[in-house]
Amino acid sequence: MLPELLVIFACVNSTGCSETSSAYYNIHPEIQQMVEETGEHIRIRAEKYVGPIVIQTVGPMIYAAAGGTGTIRFSKNISVQGNKKDLKLTFGMEF
């Protein structure tokens with residue numbers, strides 16, 4: 001109960017919210033499992049509605065436009081990575 005109150009207090013006061021919530025997340029594996037399962041359910045539902053090809057192509061484009069680095073994979077070895085500033089075509093082989 002005390003760790004939860006510390007996280008709530010830090011976030012309400014807008015000081016140390018990310019640090020305390022990250023620490024709480026890291027020491028509670030049940031929270032980590034719940035977050036993973038929720039993310040997987042959301043991905044499955046999204047793929048069911050719009051299809052996996054849209055999720056795998058439009059999703060990274062939106063993420064790149066928002067400031068992240070999106071990756072669109074064409075095959076096991078060829079992919080395109082891009083963000084707001086640059087675009088890279090990557091090829092990789094593993095032996």
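I began with strand β2 (residues 78-82), which pairs with β3 in the antiparallel sense over 5 bridges; I took two strands as paired if DSSP finds at least two bridges between them, and strands as DSSP runs of E with at least two residues, helices as runs of H or I with at least four, numbered from the N terminus. For Q81 I looked up the bridge partner in β3, and found K88.

I then followed the whole sheet, which is open and has 3 strands in the order β1-β2-β3 with antiparallel pairing. The edge strands are β1 (70-73) and β3 (87-91), each of which pairs on one side only.

I note that this is a predicted model, in which local features need pLDDT of at least 70 and side-chain atom pairs count only at pLDDT 80 or more, while totals for chains, interfaces and linings use all residues. Residues are numbered from 1 along each chain as its sequence is written, and side-chain values use heavy atoms, with hydrogens and water left out.

Next I searched the whole structure for salt bridges (a side-chain nitrogen of Lys or Arg within 4 Å of a carboxyl oxygen of Asp or Glu), and the search gave 2. In one, E40 meets R43 with the closest N and O atoms 2.4 Å apart; in the other, R43 meets E47 at 3.0 Å between the closest N and O atoms. Through shared partners, these salt bridges join E40, R43 and E47 into one network.

Why do E40 and R43 lie about one helical turn apart? They are 3 residues apart in helix α3 (residues 29-50), and R43 and E47, being 4 residues apart in α3, are likewise separated by about one helical turn. An α-helix has 3.6 residues a turn, so residues three or four places apart point the same way.

I checked accessibility (buried under 20% relative accessible area, exposed over 50%, partly exposed in between, with a 1.4 Å probe and protein chains only): E40 is partly exposed at 37%, and R43 is partly exposed at 35%.

Just after α3, I found G51 with a positive phi of about 95°.

Lastly, I looked at L2, which is placed in helix α1 (residues 2-12) and counts as exposed at 59% relative accessibility.
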